[in-house]
Amino acid sequence: MDYLEELNPEQRKAVEQIEGPLLVLAGAGSGKTRVITTRITHLIAYYGISPYRILAMTFTNKAASEMKQRVEKVLGSPQPDLVISTFHSFCARFLRREIGFLGRERNFIIFDTQDQTKVLKDVLKRLKLNAKEYPAGILRQKISLRKNNMPDNVFLDPDLEKKIFDRYQSELLTQNALDFDDLLVLTNQILENSDECRQRYSQRFEHIMIDEYQDTNRIQFQLITQLAGDKPNLCVVGDEDQSIYSWRGADIRNILDFENHFKDAKIIKLEQNYRSTQNILTYANRVIVKNKQRKPKKLWTKGSDGLPVSKRRFPRGIEEAESIAERIKMSGMSYRHIAVLYRVNFLSRVLEEVFRRKRIPYQLVGGLKFYDRKEIKDILSYARCIVNTRDWTSFSRAINIPTRGVGSVTLDRIRFYYDQTGDIQTAMEEALSNGVLKGRAAKGVKSFLDLVVRFRASSSTKTPSTWMNSLLNAVEYREHLRKEDVFTIEKREDNINELIESMRELEKQGVKDIAEFLDFTALISDQDQIDDSVDKVSLMTIHAAKGLEFDTIFVMGLEEGIFPNKRALEENEHALEEERRLFYVAVTRAKNTLYLSHSKRRMTYGSYFDNPPSRFLSEKSRPPINPIQSTSIPPKGSGQPHQGKAMLVGDTVVHPVFGKGTVLALSPKGLDMRVTVRFSVYGTRVFLKSKAPFQ
DNA sequence: GTGCTAAGCATTTTT
DNA sequence: TGCTTAGCAC
């Protein structure tokens, strides 16, 4: 039981409290992952509970597989029966087995946002509604809110809204497709309505653990309740200060009402932080204390004060990005230990431009997903409509790639038969035998039909990767790419090879059929795509950084309108607190060094706009400045330049961005010193001595 | 049915 | 600024 020795008393309590409902309020960096993994280990190793009876839910597949690896490492053996999974993956697997309860077929396809949009546009067209007046994006949101029983403040004629919703839903049913929300909703429905099924699962999972509990929504809560059964051995771990997904239905009441809902619930607070320096924690505490909707909590550490938090202002986004790049280069740290965070995805563009120019290797987390790339989507749409011949959405994409002479008119004709049969294969057959298709179109449809028939037959006899590879050859997809675009061909071919490679990888992990692989491609998250093996700086939104930590964190674009985000603030009166929690999450990702920055002018839609600095930068008292900092040893791995040296008027200093300059004046400012420097190119500038990166 | 050009729209956050 | 879509010529 060596593994218990590594825990502090509170953590240990959480691990040893194995019966009944337990709420662990775990502050940022307080070792909650360790608590969950150790708890699982303890259940198996000490109490001899079968891994088959344990279920743990996490937020990303990456977190799930890391947890599993940790457990396996401590136990010293692989644990194939232990289920650690995301909610969505768990539900997908559940439904692959149990969807028969709803009278539906098991070979359903999971529709992502793009597919949903396509279905909605089709629905609008058939209801003869103008797509401009009813933007698919907003409708998608409304549908999601509806499925989650959430309030909706966008007004639409209720009858019309219901009509659109019903059409959308029946279209998904016809196509045998589920959207992300359906995965949770239908799983919940089955558990609720089938006593037999619910008992089977709640009896199996004697011990349930939920990570990032503050970001679970109402449906997830119901799901947990059903699975936990009458005598819940349920351990949830979360931090209301890090709740950043209320717009997606995350319901803070799940945490706040836990004690009321589960009688005799125990509560354990973890406040000791193992991640960040005291300066960073002090800053974080001062940020979050402004929020009213929270339980009092204060992070502390036994570690050193570390460096003060740096705040900097730049004329434009370019200078901001260049300064970040210079600091990264100067620090001499491994790139993999550094991340740049921002509120909105479009801010990554400046960074990418500058990093590429300065030859700083980076990986963009989020944005366009690997499986969302055009060439990958093309191939997957083939596979999808072959696996599930009711998938019209994928069929209508696949049939004319490469061009087979099938355009919108031909597609409409096939759709006529699809509406009667609900199956693309029979629809094609009937369209052909009834002679409504002629010439090139008929030939094209015939060849596609043959392809579907042939590959349906071989889908069960070949491994997914070999099946996919021969599919690629059969449609001559690589040749098609070569014709389409000479400039991007290399990258696209690489991506296709990577797709096959990722299938082989999953086969090794036990994925044996294509449907399962397709689930994987739909449910992959941004974080899942982070490659830890390469030495690159990570660029991502703060949402994507949830649960991660880095030695050095840059938070950029701290400007009113961007962060806090204008659109978010328009939503409701609680939005500002959520933005502040988001800022808190950003700050607490940093282990050693934290840089905050904003720019006066920001390029948006191709032209410049002026934004005042974010209120988050000024609404708290001064950042902590440690008076004895010049003699304290900087934490390992941080690359902060020397700051304690005496500086005199007339000295020459070198600034990473502005270059060589001469010190014109020095004046005290609080505990710090104001330094005026004249640069040959950039003119005269004023710095705070403790924060200026002079060499 | 395909392919080109110009206009117009986009930026909250994601499984 | 950069991407998608509508409209038009072939």
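Phe563 is buried, with a relative accessible area of 0%. This is a predicted model, so take every value here as computed from it. Phe616 is buried too, at 1% relative accessibility. What does the Phe563 ring do with the ring of Phe616? The two centres are 5.5 Å apart and the planes make an angle of 80°, and since anything over 60 degrees counts as edge-to-face, that is the label for this pair. The pair also ties together distant parts of the chain. Phe563 comes from the loop between β13 (550–555) and α26 (566–571), while Phe616 belongs to the loop between β15 (607–610) and β16 (652–655).

Now for the wider setting. Chain A has 695 residues, of which 56% are buried. Its secondary structure comes to 27 helices and 19 strands. If you take the contacts between residues at least 6 apart in sequence, 74% of them join residues at least 24 apart.

The structure holds 23 aromatic pairs. One of them is Tyr46 with Tyr47: the ring centres are 4.9 Å apart and the planes sit at 85°, so this pair is edge-to-face. Are these two tyrosines buried or partly exposed? Tyr46 has 47% relative accessibility, which makes it partly exposed, and Tyr47 gets the same label, partly exposed, at 39%.

Ring pairs also build a cluster, made up of Tyr382, Trp392, Phe395, Tyr418 and Phe448. Trp392 has a charge over its ring as well: the charged end of Arg415 sits there, 5.2 Å from the ring centre. Elsewhere, Arg248 places its charged end over the ring of Tyr245, at 4.2 Å from the centre.

### Helix against helix

Two packed helices are described by the angle between their axes and the distance between the axes. Helix α5 (residues 87–98) gives us two examples, one with α11 and one with α10.

| Helix pair | Axis angle | Axis distance |
|---|---|---|
| α5 (87–98) and α11 (218–228) | roughly 60° | within 12 Å |
| α5 and α10 (195–204) | about 135° | 13 Å |

Take α11 to begin with. The axes of α5 and α11 cross at roughly 60°, and that makes α5 oblique to α11. The crossing is left-handed. On the α5 side the contact is made by Phe87, Phe90 and Cys91, and on the α11 side by Gln220, Leu223, Ile224 and Leu227.

How does α5 pack with α10? Here the angle is about 135°, and α5 and α10 are therefore oblique to each other. This crossing is right-handed. The residues that make the contact are Phe94, Arg97 and Glu98 of α5, together with Cys197, Arg200 and Tyr201 of α10.

Helix α14 (residues 278–288) is another one to look at, since it is mostly covered, with ten of its eleven residues buried.

### Two residues up close

Ile324 is found in helix α15 (residues 317–331) and counts as buried, at 2% relative accessibility. Setting aside neighbours within four places in sequence, Ile324 is in contact with Val340, Leu351, Phe355, Phe554, Met556 and Ser597. Met556 is 232 residues from Ile324 along the chain, with 9.0 Å between the C-alpha atoms.

Phe165 lies in helix α8 (residues 158–174). Why does Phe165 count as buried? Its relative accessibility is 16%, and the label buried applies to values under 20%. Leaving out residues up to four places away in sequence, Phe165 touches Ile143, Arg146 and Lys147. Phe165 and Lys142 are 23 residues apart in sequence, and their C-alpha atoms are 9.0 Å apart in space.

Definitions and conventions:
Residues are numbered from 1 along each chain as its sequence is written. Chains are lettered from A and ligands numbered from 1 in the order in which they are written. This is a predicted model: local features need pLDDT of at least 70, side-chain atom pairs count only at pLDDT 80 or more; totals for chains, interfaces and linings use all residues. Side-chain values use heavy atoms; hydrogens and water are left out. Rings of Phe, Tyr and Trp (its six-membered ring) pair if their centres lie within 6.5 Å; planes under 30 degrees apart count as stacked, over 60 as edge-to-face and the rest as tilted. Buried means under 20% relative accessible area, exposed over 50%, partly exposed in between (1.4 Å probe, protein chains only). Helices (H or I, at least four residues) and strands (E, at least two) are DSSP runs, numbered from the N terminus. A charge sits over a ring if NZ of Lys or CZ of Arg is within 6 Å of the ring centre and within 35 degrees of the ring normal. Axes are lines fitted to C-alpha atoms, for helices over the stretch in contact, and angles run from 0 to 180 degrees between N-to-C directions. Angles under 35 degrees count as roughly parallel, over 145 as roughly antiparallel, 65 to 115 as roughly perpendicular and the rest as oblique. A crossing is left-handed if the near helix is turned anticlockwise from the far one by less than a right angle, and right-handed if clockwise. Contact means heavy atoms within 4.5 Å.
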